[in-house]
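Subject: Structure handover

Hi,

Here is the structure I promised to pass on to you. Have a look at it first, then read on for what I found in it.

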Amino acid sequence: MNNLPKTKIKEGFLGQTMVVLSPEQKEKAQQQPFFQNLFPDAIGYFPNAKHHNRSRKNGIEEYIFLYCLEGEGWVRINKKTITLTPNTAFIIPKNTAHKYGSSSKDAWSIYWIHFSGNYAATLYKRFSVSNQEAIKIAFDENRIIVLNEIIKLLENDFDDEKIELTHFKLIGLLSSLCYTNTLENNIDDAISHSIIFMKKNLNEILTIEALANQACYSISRYSELFKQKTGYSPIQYFIRLKIQKSCEYLHFTNLNIKEIAKEVGFDDPYYFSRSFKNQIGLSPMQYKKLNY
């Protein structure tokens, strides 16, 4: 039986690549749990795609990832028009009416992926905090390499390893896009700098007043922003960092409990032990024996 994918050539763009899973491939892939979690149903690259357009009244059952490398195009969804320019991307949710197409003046070059699976909705949510605009993406040659590797994997007959590798490459690709803002926010905002300050002063006893002053906020505003970012109050988070550091001391040093408590800013070793057990679920000695 020939399990090679069906390749559709409709637009006829010079240099285009387009792979759609055949029924035989889908039947093979569905036996793998990775297919259920996240998998491409189709993928393609359309360079200089003049007159390229699609219109679907009811959408499709997969999410559609559009990544513009050059030129310009547009997406119409929910009575809104989104413009795609070089190094921008957009994900169209499944079962949603939409239209999209290339600019008539400056034809786009795009990679596109139809994908589905249990992870798809979460990745879409992380990528499209607002579906009212395209997401800017810093160009990375490695991303293009991964896209072409996925195409190459789908162009060949399937075996278990190819199915698994396709899944991992796709989840790596989408994750690198969906969590970009999370990584960037961890670098630049004041609360992240406050956390860095905490890590450098784990042996100190810092008050909420001192932490708020260091971050140049009032206590109430600092506490509010800190809780929004971490889910913890500043002092709760500071204590968590201390306990995490104490785990390292228990793993990698021969310091006793009193010495470790002092290293992470606890004057009272009994209070340290109680705090440790509240967070870890074991006493410091139990933890040390379990991980010796």
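Let me start with a residue in one of the helices: His251 belongs to helix H10, which covers residues 234-252. Keep in mind throughout that this is a predicted model. Is His251 buried, exposed or partly exposed? With a relative accessible area of 36%, His251 comes out as partly exposed.

Arg56 has a relative accessibility of 16%, and since buried means under 20%, it counts as buried. What does Arg56 touch, once its neighbours within four places in sequence are left aside? The contacts are Ile64, Ala97, His98, Tyr100 and His114.

Now the overall picture. I count 13 helices and ten strands in the protein. Its radius of gyration is 26 Å, while the globule rule gives 19 Å for 292 residues; the value is well over the rule, so the protein is more spread out than a compact globule. Along the principal axes, the C-alpha atoms fill a box of roughly 75 × 45 × 30 Å. Of the 292 residues, 42% are buried.

UniProt, in an unreviewed entry, lists residues 192-290 as "domain: HTH araC/xylS-type". In the model that span is 74% helix and 0% strand, and its end C-alpha atoms lie 33 Å apart.

- Met198 sits in helix H7 (residues 190-200) and is buried, at a relative accessible area of 0%. Not counting residues up to four places away in sequence, Met198 touches Leu211, Tyr222, Phe226, Pro234, Tyr237, Phe238 and Leu241. Take Phe238 from that list: it is 40 residues from Met198 in sequence, yet the two C-alpha atoms are 6.5 Å apart.
- Leu154 sits in helix H4 (residues 141-155) and is buried too, with 0% relative accessibility. Between Leu154 and Ser176 there are 22 residues in sequence and 21 Å in space, again C-alpha to C-alpha.

- His51 has a phi of about 70 degrees. You will find His51 in the loop between strand S2 (39-46) and strand S3 (53-56). Its relative accessibility of 63% is over the 50% cut-off, so His51 counts as exposed.
- Lys79 has a phi near 60 degrees, and its place is the loop between strand S5 (73-77) and strand S6 (80-84). Lys79 counts as exposed as well, at 92% relative accessibility.

Last, the rings. How many aromatic pairs does the count come to? The total is 16 aromatic pairs. A pair of aromatic rings is described by the distance of the centres and the angle of the planes.

Two charged side chains lie over ring faces. Arg76 lies over the face of Trp74, 4.2 Å from the ring centre. Lys245 lies over the face of Tyr249, at 5.8 Å from the ring centre.

That is the lot from me.

Cheers

Terms used. Residues are numbered from 1 along each chain as its sequence is written. This is a predicted model: local features need pLDDT of at least 70, side-chain atom pairs count only at pLDDT 80 or more; totals for chains, interfaces and linings use all residues. Side-chain values use heavy atoms; hydrogens and water are left out. Rings of Phe, Tyr and Trp (its six-membered ring) pair if their centres lie within 6.5 Å; planes under 30 degrees apart count as stacked, over 60 as edge-to-face and the rest as tilted. A charge sits over a ring if NZ of Lys or CZ of Arg is within 6 Å of the ring centre and within 35 degrees of the ring normal. Helices (H or I, at least four residues) and strands (E, at least two) are DSSP runs, numbered from the N terminus. The radius of gyration is taken over C-alpha atoms; the globule rule is 2.2 Å times the number of residues to the power 0.38. Buried means under 20% relative accessible area, exposed over 50%, partly exposed in between (1.4 Å probe, protein chains only). UniProt positions are given in the numbering used here, feature names are shortened, and annotations may be inferred rather than shown by experiment. Contact means heavy atoms within 4.5 Å.
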